[in-house]
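Subject: Structure handover and findings

Dear colleague,

I am passing on the structure we discussed, with the sequence alongside. Please open both before reading on.

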Amino acid sequence: MHNHLTPVAVVLLSIASLWTPAWGQTVYKCGNVYSQVPCPGAVAVEASDNRTPAQKAQADAAAAQAAKSADKMEKARLALEKAPVAKAPKLPVPASQIAKTQTEKETP
């Protein structure tokens, strides 16, 4: 008797594997790249989260606050970009430029 997995079972097993925690998972450093699969000359790096639940909650709250602040700053920036730009005040024209303009008008 053959034991085949149905497509539904494969999908359910795939989804279930996403929910499994990755605590204490070994990660391999290959040069400047990190991977779950070792490469030649790989260095094993422990990738566990040693924070307490309170520390994790505090970090999550800080990240949420930072995201909220970033959204607020983005909205302010977008509003400033939409606002019309005030006209720059006219700068005084040097006398030499006035004289040059007048002579150009007088000569046909």
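What follows is a description of the chain as a whole, then the sheet, the disulfide and the salt bridges.

Please keep in mind that this is a predicted model, in which local features need pLDDT of at least 70 and side-chain atom pairs count only at pLDDT 80 or more, whereas totals for chains, interfaces and linings use all residues. Residues are numbered from 1 along each chain as its sequence is written, and side-chain values use heavy atoms, with hydrogens and water left out.

The protein chain contains three helices and three strands, taken as DSSP runs numbered from the N terminus (H or I, at least four residues, for helices; E, at least two, for strands), and along the sequence these follow the pattern α-β-β-β-α-α. Of its 108 residues, 2% count as buried, where buried means under 20% relative accessible area, exposed over 50%, and partly exposed in between (1.4 Å probe, protein chains only). The accessible surface comes to about 10100 Å², with 64% of it belonging to carbon and sulfur atoms; these areas come from the Shrake-Rupley method with a 1.4 Å probe, and for residues only the protein chains shown count as cover. Among contacts (heavy atoms within 4.5 Å) between residues at least 6 apart in sequence, 3% join residues at least 24 apart.

The three strands form an open sheet in the order E2-E1-E3, with antiparallel pairing, two strands being paired if DSSP finds at least two bridges between them. The edge strands are E2 and E3, each of which pairs on one side only. Strand E1 (residues 26-30) is joined to E3 (residues 43-46) over four bridges, with Thr 26 having Glu 46 as its bridge partner. Towards E2 (residues 33-35), E1 makes three bridges; here Lys 29 stands opposite Tyr 34, and Cys 30 has Val 33 as its bridge partner. The hairpin of E1 and E2 has two residues between the strands, and in it Gly 31 takes a positive phi near 70 degrees.

Cys 30 also takes part in a disulfide with Cys 39, their sulfur atoms lying 2.0 Å apart. A pair of cysteine sulfur atoms within 2.5 Å counts as a disulfide, and by this rule there is one. The link of Cys 30 and Cys 39 is left-handed, with -130 degrees about the S-S bond. Cys 30 counts as buried at 18% relative accessibility, while Cys 39 is partly exposed at 26%. Pro 40, in the loop between E2 and E3, is exposed, with a relative accessible area of 80%.

Finally, the structure holds three salt bridges, each defined as a side-chain nitrogen of Lys or Arg within 4 Å of a carboxyl oxygen of Asp or Glu. Arg 51 and Asp 49 meet at 2.8 Å, N to O, and both are partly exposed, Arg 51 at 39% and Asp 49 at 36%. Lys 56 and Asp 60 meet at 3.0 Å, N to O; these two are four residues apart in helix H2 (residues 53-82), which means that about one helical turn separates them. Arg 77 and Glu 81 are likewise four residues apart in H2, and so about one helical turn separates them, with their closest N and O atoms 2.8 Å apart. In this last pair Arg 77 is partly exposed at 40%, whereas Glu 81 is exposed at 53%.
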